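Subject: Structure handover and notes

Dear colleague,

I am passing on the structure that we talked about, with the sequence alongside. My notes follow below it, and I would be glad if you read them with the coordinates open.

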Amino acid sequence: MFLKLLPLFVGLSLCAGSEHNLLQDQLKENLDIIRPKTDDLAPDYSKEQVQKFFMVGDFGDYKHKENIDGMTDIMSQLAAQDTYDFILTVGDNFYPDGIESMDDLDLPDNIMSFFQKDNIRDLKMFPILGNHDCFSDYYNQILYSDYNKQWEMESDYYELKYNLKDDPSKYLVILMTNTCLLACNTSFDLPLGDTGSDCDEMNVEIGEESVQIHYQWLENKLKKYSKDPDVAWLGIAGHHPTIREASLKQDLLPLVQKYKVDFYLTGHKHQFDYTNIGYDEGIRFPGSDRGPVLDDCDGKIVKEIMNTESRDQYFKKGEKLHQFMIGASGKKLRKICPYKDQDGHVYIQNVENSGLAIFEVDSKHFNVKYYNNEDLSYFYSVTISSE
C-alpha cells in the first residue's frame, strides 16, 4: 500500500518493518494480479476514432467556487487539445438542497457559468441526481433543461446511447439512474441508521412504488443491452457507489453483477477512487459500507492511498465490474484515513485536489484517466480491452 502524505512525507509508507510487509501481503492477497504497463497494451487513440467525454461529480458547491473554477480551467485546457463530445455528472449538482425553486435560479446559473469557458461552453451536460439534489423537488433539475442550453436532463433516470466512432455499428450505453430511489431498496432489511435517515431527507419512502418501478426499468434495460452483440460497452451512472454503499450492495450490486455490466460511474464520497469486483465475488461486509480499519495512518494527513505499483492498469473485458468514483470536482474533500477495508478491491483513493476524469472509448478499448486541478497530467489510468 502506497500512502501519499503532505509534502514532508510524500512517497513514504505509514507502516514499517514486518507490520508493513504483513499489511502489504494482506492487500496483495485481496487485490488481483496487476498487469504491468507495456507499450503494446496502450491503445492508440485518434481524435476521429474515439468517443471522449468528461465526468465530474459532487461539484456544485458555490462556497468552494475556487475548486469549480480550477476544475473547469483544466477541462478548458484539455478540450483545447482534443475533441470532446459531452460532460457527464454523477450528481450533487447544486448544494446544499438542489434547485429549491424555479423562481430563483441564481445558484444553478452561478454554478453553470463556470462551464462557459472556451472550448467547453458548447458541450452538452448530462446529469444524474445526487442525494443533495433530492433534498428539494428534483423535478426542478429536469425543468432547468429549458433554461440552460448546456443542461440536458430529460427525466430523473434515462439512457445515453452513442454510436462509436471507429465502428458506428457498435454502441456505448450508459444507464443514467436515480440512486435517491435505488438506495431506498425494494427489499430493504438493513438497520435504518444513516441510510434510513438519507431516505427521509431525499423524500423517499423505503420500498415505495417508484423505487420498485425504477428497479424494474433498470433490469429491463440490462436484460436488453447485455444480450445485444452491438453494445460494445454497457455501464451505469449512479451517485451512490454500489460496491461501497450498504443499501446498494444488497439489491443493486447483485443485479449489476448478474448482467455483467462493464462499469459503474459514481461519486458521493468526496474523493477519487477506483475499485473493482468480480462478477461472481461475494460481499464480505453486508449491512455496512466498510469493514475494519486496515491502517490508522498514525494520525498523519494522508492525501493518497495507492495499492498498486503502477499508475496505469489494464484489464480484459468481461472479468470484473469497474467502479470509477469522481466525488472530488468541487465540494470540500474528505479525509481518507483511517483507511478501512471494504468490499471489492481498492486500487487507489486520492484527495490531493479537486478534479475530474476523462473517458476515451472505441469499440475495443475503454480508458479512464483521473486528473486533478494542478496540471494537465493524469495521475491514474485504467484501460479495459476486449481484444
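Helices and strands are here DSSP runs numbered from the N terminus, a strand needing at least two residues and a helix at least four. Please keep in mind throughout that this is a predicted model.

In those terms, N373 sits in the loop that joins β17 to β18 (380–385), and with a relative accessibility of 15% it counts as buried, because the cut-off for that class is under 20%. Leaving out residues up to four places away in sequence, N373 touches N67, G70, M71, I74, N353, S354 and G355.

Helix α2 itself covers residues 65–81, and its 17 residues span 25 Å from the first C-alpha to the last, close to the 24 Å expected at 1.5 Å a residue. Its buried residues include N67, G70, M71 and I74, and the buried residues of α2 pack against β2 (51–56), β3 (86–89), α3 (106–113), β16 (355–361) and β17 (365–372).

F114 counts as buried, at 13% relative accessibility, and is in contact with Y62, K65, I68, D69, T72 and I120 when neighbours within four places in sequence are set aside. Between F114 and G70 there are 9.4 Å in space, C-alpha to C-alpha, although they are 44 residues apart in sequence.

Turning to the sheet, 7 strands form an open arrangement in the order β4-β3-β2-β16-β17-β18-β12, with mixed pairing. The edges are taken by β4 and β12 (312–316), each of which has a single partner strand, so that one side of each is left without a neighbour in the sheet. On average, neighbouring strands are turned by 20° against each other, direction ignored. Within the sheet, β2 and β3 pair in the parallel sense over 4 bridges, and F53 has F86 in β3 as its bridge partner.

Finally, the largest nonpolar core holds 101 residues, and those with the most contacts inside it are F54, L88, F366 and Y370. Apart from it lies another core, of 8 residues, among them C297, I305, I336 and C337.

With best regards

Definitions and conventions: Residues numbered from 1 in each chain as written. Predicted model: local features only at pLDDT ≥ 70, side-chain atom pairs only at ≥ 80, totals over all residues. Heavy atoms only, no water. Core = buried A, V, L, I, M, F, W, Y, C linked by side-chain atoms within 4.5 Å. Buried < 20%, exposed > 50% of the residue type's maximum accessible area, 1.4 Å probe, protein only. Expected span 1.5 Å × (residues − 1). Contact = heavy atoms within 4.5 Å. Pairing = 2+ DSSP bridges. Axes fitted to C-alpha atoms, helices over the stretch in contact; angles between N-to-C directions.
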